[in-house]
Amino acid sequence: MIKKISTQVLVIGGGPSGYSAAFRSSDLGMNTILLERYNQLGGVCLNVGCIPSKSLLHISKIIRENNYLNSIGIFSKRVNFDISNIRKWKNNIINNLNIGLKNISNYRNIKHIIGTGSFKDSNTVEVINKNKERMEINFENVIIATGSKSINMDNISFQDERIWNSTDALQLKYIPKKLLIIGSGIIGIEMATVYSSLGSKVDIFEHQKEIFPYLDKDIINIFTNSNKDYFNFYLNTNVIKIKKEKNIFSVYSICNNKEKLSQYDAILIAVGRKPEIDNLNLSNVNVQINDFGYIEVDNQLRTNVSNIYAIGDVIGSPMLAHKGLYQGKLVSEIIFGHKHYYNPISIPCVAYTDPEIAWVGIISDNVKDKMNSYKSSIFSWNYLGRALASSCESGMTKLFFDKKTNCIVGACIIGVNAGELIGEINLAIEMGCTAEDLSLTIHPHPTLSESIGLASEVFQGTVIDILNK
């Protein structure tokens, strides 16, 4: 006999989107069940994504800084590291955060069910656990927060443990001598940063003409110049065939209309991600899917079925944990009855590479040229005392202002801790701040954050730290 239980709110998926929705729903007094197919909460982000990658990138940054100080004679030895201890350290961080989420969930009396769910009808989800046991959950409202998964390449017709997705790369099983990364998005370049620092010779194949094509050339030039000794970019490059040899892979590609043969010890496929919704049987409840394969929702995160909501990666770009965390809290309050709407002015993005790149809002001079409404303002970090003292003077803060109102509408920062700096600008955009508001805000000296106020002064023509041409 199939076990049947009921709840006010069912959350499918225990990643940042899902657990934030479950926690907030419980805080509001609603009976809540959290359905997750794995034993641990945290989803891709905590277990095989954001947190492990940032842990490895932290190690990578220390190695790079040591190598630089060694090259100029301040240090006398290069870093020696133990890969097994790096792996243990990374796993301990994940485990501690897992325990924290479990304790918070237990404190809130959220029922955590382990299994895979699929819709039977608009008020019922059928669950199958790892022992093939079945149960049914009847709900008043359901929140779909099942996240996303890596996209595979169609022209690879075989499986091999040396062909990785992002999850495999983060396991850090070994350091290949030659690593090919297919795709120059954030995941691909972050993994290039890690493995090149640990000793791999890394090539990146990208089919587009540029990496990060939505960013301006001056930002990209700083990034590529900073990494020219660590990995190689091959743009306009398409993989035709991958042939498995005894100990290596032969990769046949076309680069700028010329055929090329390269050989690698391992290959990371990082060509993007897609929503993890295939097993939900959404057709049973006629939930609408858009042309890009994502669940369609309105500005209250509701699907076309009135009691079915969707948040996070399953509803499309940007696929960011902080977007999902925000939506999880919001959708719970909407279900509770608050008249909230999802309508952010801007969402910050960060590539945790070396150097970091962070951007928000309007971020390209190309937009300015087309609309003739915006003006960019730049403050180079080679005029910044803290940057010079920290060996990160190649960085840059670039702000975009509305020429009519002088309000800040976007920014792109490249340099150490760019991801920490972008929050101030995101708040300024949401608050409708002008260049004057930013420049009259006293920033601590010497810091990297000074560059925000100084770039605003450049826009106004009031800067004294440089000759404002």
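This is a predicted model: local features need pLDDT of at least 70, side-chain atom pairs count only at pLDDT 80 or more; totals for chains, interfaces and linings use all residues.
Residues are numbered from 1 along each chain as its sequence is written, and side-chain values use heavy atoms, with hydrogens and water left out.

Asp203 is the partner of Lys201 in a salt bridge whose closest N and O atoms are 3.7 Å apart; the term denotes a side-chain nitrogen of Lys or Arg within 4 Å of a carboxyl oxygen of Asp or Glu. Lys201, at 41% relative accessibility, counts as partly exposed. Side chains of opposite charge can pair when their charged atoms come close. Across the whole structure, the search finds 18 salt bridges.

Another of these pairs is formed by Glu276 and Arg37, with the closest N and O atoms 3.3 Å apart. The two residues lie 239 residues apart and link distant parts of the chain: Glu276 is in the loop between β16 (273-275) and β17 (308-310), and Arg37 is in the loop between β2 (32-36) and α2 (43-48). In these labels, helices (H or I, at least four residues) and strands (E, at least two) are DSSP runs, numbered from the N terminus. Glu276 counts as buried at 14% relative accessibility, whereas Arg37 counts as partly exposed at 43%. Both residues belong to a network of salt bridges that links Arg37, Lys149, Glu276 and Asp278.

A further salt bridge joins the side chains of Glu190 and Lys54, at 3.3 Å from N to O. This pair also links distant parts of the chain, with Glu190 in helix α6 (residues 186-197) and Lys54 in helix α3 (residues 50-71), 136 residues apart. Glu190 is buried at 5% relative accessibility, and Lys54 is partly exposed at 25%.

The two helices that carry this pair can be considered next. Two packed helices are described by the angle between their axes and the distance between the axes. The axes of α3 and α6 come within 9 Å and cross at roughly 45°; axes are lines fitted to C-alpha atoms, for helices over the stretch in contact, and angles run from 0 to 180 degrees between N-to-C directions. Ser53, Lys54, Leu56, Leu57, Ser60, Ile63 and Arg64 in α3 meet Glu190, Met191, Thr193, Val194, Ser196 and Ser197 in α6, where contact means heavy atoms within 4.5 Å.

The description now turns to a sheet. Five strands form an open sheet in the order β18-β19-β22-β21-β20, with antiparallel pairing; two strands pair if DSSP finds at least two bridges between them. The edge strands, β18 (349-351) and β20 (374-380), each pair on one side only. From one strand to the next, the twist averages 15°. Within the sheet, six bridges join the antiparallel strands β21 (residues 396-402) and β22 (residues 408-414), and Leu399 stands opposite Ala411 in β22.

Helix α13 (residues 450-460) packs on this sheet, touching β20 and β21, and its direction makes about 130° with that of β20. Ten of the eleven residues of α13 are buried, and the helix is mostly covered. Among the buried residues are Ile452, Leu454, Val458 and Phe459. The buried residues of α13 pack against β20, β21, α11 (418-431) and α12 (435-439). Gly461 follows α13 and has a positive phi, near 80°.

Elsewhere in the chain, strand β13 (residues 249-255) and strand β14 (residues 258-264) pair in the antiparallel sense over seven bridges. Ile254 stands opposite Glu259 in β14. The hairpin of β13 and β14 has two residues between the strands, and Asn256 takes a positive phi near 50° there. Lys243, in strand β12 (residues 237-244), is in contact with Ile248, Phe249, Ser250 and Tyr252, leaving aside its neighbours within four places in sequence. Lys243 is partly exposed, with a relative accessible area of 42%.

Note on methods. Buried means under 20% relative accessible area, exposed over 50%, partly exposed in between (1.4 Å probe, protein chains only).
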